[in-house]
Every structure is written in structure tokens, then in C-alpha cells.
Amino acid sequence: MAAEDLVERRSIDVVPDDERHGTAFSQFTLWLGANLQITAVVTGALAVVFGGDVVWSLVGLVLGNLLGGAVMALHSAQGPKLGLPQMIQSRAQFGVKGAVVPLLLVILMYVGFFASGSVLAGQATAELTHTNDTTGIVLFAAVTAVMAAVGYRVIHTLGRVASVICALAFVYLGIRLLDRVDLSALLSDAHFDLPMFLLAVSLSASWQLAFGPYVADYSRYLPRTTSAKATFWWTLSGSALGSQWSMTFGVLVAASAGDAFLADQVGYVVGLGGTGLIASSLYFVIALGKLTINVLNTYGGFMSMVTSISGFRGQRVLGQRGRAAYIAVIMVAGTAVALLGKDSFLTSFKDFLLFLLTFFTPWSAINLVDYYLISRERYDIPALFDPRGRYGAWRWDALVVYGVGVLAQLPFLATHFYTGPLVEPLGGADVSWIVGLVVPAVLYWALARRNRPVPGGGARTERGVSPTATEAPAP
């Protein structure tokens, strides 16, 4: 493949049919590789660190990965159909300019995930390069930015490589861990505690839901004829399997190692595997796993920034210099946050995950209800780029529903810096993410149903479109 074919030319514009390639299986390898990594290990460990037992933590994590992963995979299935980045589709719900409201929060998410990933990957990079953590974070961030700038093809190649190498490493680490721990003792100490169980569900669900705002970015080059079911199932299986595998390892490590793991997550995991060449290999695996997910975060942040600004500037195509500039902004911001927060990582990361869930469950609910139930998988593509077009500049009904969805969660939210008034009556359980899915989904459906398509494929009202050559073809 020529170098010019490797470097991506598309940004937020529609991918033409003659540039589509790949199969739905590519979603499995990408999301498996993206989830077999140290931050997912830490996420699973948090369920035990904050008071859960092994058995019910594992059950809760499985449930959260499946529920959140299903929502995330429904977003992925939109990619081949529309050939568009995920957040461009938000313009159909919020308006061409109104979509900037959730987009700004999405950008903050990418910066936060870039930072949290860089903290752990920076430790591994520092060990490999024999430097300090600060230098490791900066070096890791620079490599991430370069790969994100190359784009789609290199991202999927990285996912395929990481899925194999990281899977082999986790098999090896799992064997080493089971040699050290008394698994039967850990599993026998089961005591169901509803708040801790729901914390485990929320941790894994938020992990999966946070992929929602960019998951279709990595399926949009698939041929239009790609089965939506295949895209859904390969995405869900790769993401749920990878994350549950990592989180299970994290639960067992946290339950057996205690303070030794909390003091140095990367160092403990590597030490579990061995010393010398084996240790260096494991540091490389940790850096590779984090590189995969951080490239996704950087690329997604770049897409979201372009989407936000283009809604006001009317820009559809972006040159290589502009692309590099946007990616540099994400890199600098994420690196700065990583350097500032590297000494209080565990507590900050747990609160960050749960806080993110507050803002992205309402967006997911609105987007999925609109795409699958209201618009029936059809959008007027040119109108997504025209603030004077069918979807308008600002759609205040959707923005109000989004705001209500966020506010409705606050009484049920439990984080280090804020706890809602209904958390204590529920025994300390955090059920805010369930409220954040259900409330905006019902409200948006109720407001938008009057504009649902006429049965039989006839003309629609202002909210919908008539079947024309400009919309995404029906299934």
C-alpha cells in the first residue's frame, strides 16, 4: 500500500462508496485490542478497592459491560449505513449548531481519557526508555498524536496487532496470577451488597457508554452493504470480551494484592509476570494497549472539534495541516491534565468515569431513539451540514430533553465531590445512569413521535425526509 493511501484524507465528510473497505470482523479486533489494557484492569479493580467482594463485583461488571456494550454497539451499527463520524449525526437531533452542546462535553471526555491513559502508559514508557514518568507521558503522547494523524487504516492495523499481542500477554499474566492466589478462598467470600454491586455495574457500563460518541468513526468506512447485525455483534463481542477479561484480572489482582497493587498498578502487574526481558516485554504490552485506546481518544477528539467548529463555519473538508493542528490541541491538553493529575490517579479516575456517565447516557438515549425509532435509519445527509436546512441550526426540544436528562440524574449520583439526596435512601447505590437512559429516551420519543414517518414510506413532516437520492438508503 502506498504511503498516500495510508494517510487518511477524510474527516467529517461522507465516505464515498468507492473508498469503503473491510468487514464487520474488523470491529471485533479493534475493540478487543482497545480493551485489553491497563486502564480497564484498574477499572475492574476499583469495584473491589471501594468495598465489593470478588463474586458480586464480577457479576456486576459483566452486567454493566453487556448493557453498556449493547448501547455502544448500536451506535457502531450506524457507521456503515451513513458513512459519517458519530457526532455529525447529532446534528439531526440537536441542530447543526446545537450539536455543539454535547460535543463540548465529548471533547472534555476525550481529553480526560487521553490524560488518564497517559498516566499509566507514561509509567510503562518511562521504564522502557529509562527516564522518569513525566518524560514517559510526553513521549507517549507524541507517538499517539502521530498515529492519530495518519488515521483510519493505521488505527485498525494497530487494533489487530494489539488484539493478538495483548491477548497473549493477558493469558500469561492470568496463569501467573492463578499460581499466586487461592482462587477458591476469594470466590467463597461472597456477600451481596447492593450499593457495591451497582457501583460495579456503573463502572463497566460507563466504560462502555463512553465509547458511544466515537464508535461509528471506526465503522464508517465499512461497505454500505455491511450487515447492521454483524456490525453490532462483532463490536459488542470485541468490546465486552476485552473489557471483561481485563476487569476480571483487575478484580483478582486488587482482591489478592491490596496495597501493593494500589501503590503502583503498572509496577505490580509487570512484577507479577517476571523480571528482565519478560518485564520489558510487559512494559511494552502495557504501552501498546494504551496506545491503541489513546489513539482512538485523540482521533475522536479531533473529529469532535472539527464537527463543533464546522457547524458555525460551514466547513466540510479539512487539509492535513488543519488536521495536525486539531490533533496537537488534544495532545497538549491531555498531556497537561495527565501531568497535573498523575499523583491522585485512582480516586480521580473513578469519579471521572461516573461523572462522564451523567452526560453521555442522555446523549446516547436521544441519538438511538431518533435514529432507530423516529428517523428509521434515514437521514438527509446534505442537511446535516446546512444550518438553514431540514434540521435547522438549533433544535431546542432535543436540547431541553438533554438538559432534563442530565438534571434528572443528579439526585441519584454518587461521586467523591458530589452525592445526590436520593443516594442515601437507596443504601448508597448509584442508579443515575439508568435514570439517564430512561428519562430522556421516553421524553424525546414522546416529543418526536408526531413527526414519525408515515407508514408505507410516504412523505414525512418537517422532522423527517422523503425518500430521495440524498438520504442514506433504507435497509
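Accessible areas here come from the Shrake-Rupley method with a 1.4 Å probe, and for residues only the protein chains shown count as cover. The model is predicted: local features need pLDDT of at least 70 and side-chain atom pairs count only at pLDDT 80 or more, while totals for chains, interfaces and linings use all residues. Residues are numbered from 1 along each chain as its sequence is written, and side-chain values use heavy atoms, with hydrogens and water left out.

View 1. Helices (H or I, at least four residues) and strands (E, at least two) are DSSP runs numbered from the N terminus. The accessible surface of the chain comes to about 17,700 Å², and 67% of this belongs to carbon and sulfur atoms. Of the 475 residues, 59% count as buried, where buried means under 20% relative accessible area, exposed over 50%, and partly exposed in between.

**View 2. The largest nonpolar core, with 119 residues.** Such a core is a set of buried Ala, Val, Leu, Ile, Met, Phe, Trp, Tyr and Cys residues joined through side-chain atoms within 4.5 Å. W31, F249, F261 and L296 touch the most other members, and helix α15 (residues 277–313) contributes the largest share, 16 residues. Leaving aside residues up to four places away in sequence, L296 touches L30, W31, A34, I155, Y214 and Y218, a contact being heavy atoms within 4.5 Å.

**View 3. The stacked aromatic pair of Y110 and Y214.** Rings of Phe, Tyr and Trp (its six-membered ring) pair if their centres lie within 6.5 Å, and planes under 30 degrees apart count as stacked, over 60 as edge-to-face and the rest as tilted. The structure holds 27 aromatic pairs; in the one formed by Y110 and Y214, the rings lie 5.1 Å centre to centre with 5° between the planes. This pair links distant parts of the chain, 104 residues apart, with Y110 in helix α7 (residues 100–129) and Y214 in the loop between α11 (194–209) and α12 (228–257). Y110 counts as buried at 0% relative accessibility, and Y214 is buried at 1%. One aromatic cluster includes Y110 and Y214 along with W31, Y218 and Y326, among others.

**View 4. A nonpolar patch on the surface.** V101, F312, W394, W396, V400, V404 and L443 form this patch, with about 650 Å² of accessible area together. Patch residues have over 30% relative accessible area and no salt bridge, with like charges joined within 9 Å and nonpolar side chains (Val, Leu, Ile, Met, Phe, Trp, Tyr) within 5 Å; a salt bridge is a side-chain nitrogen of Lys or Arg within 4 Å of a carboxyl oxygen of Asp or Glu. Helix α18 (residues 396–409) gives the most, three residues. V400 lies in helix α18 and is exposed, with a relative accessible area of 52%.

Notes
Buried < 20%, exposed > 50% of the residue type's maximum accessible area, 1.4 Å probe, protein only.
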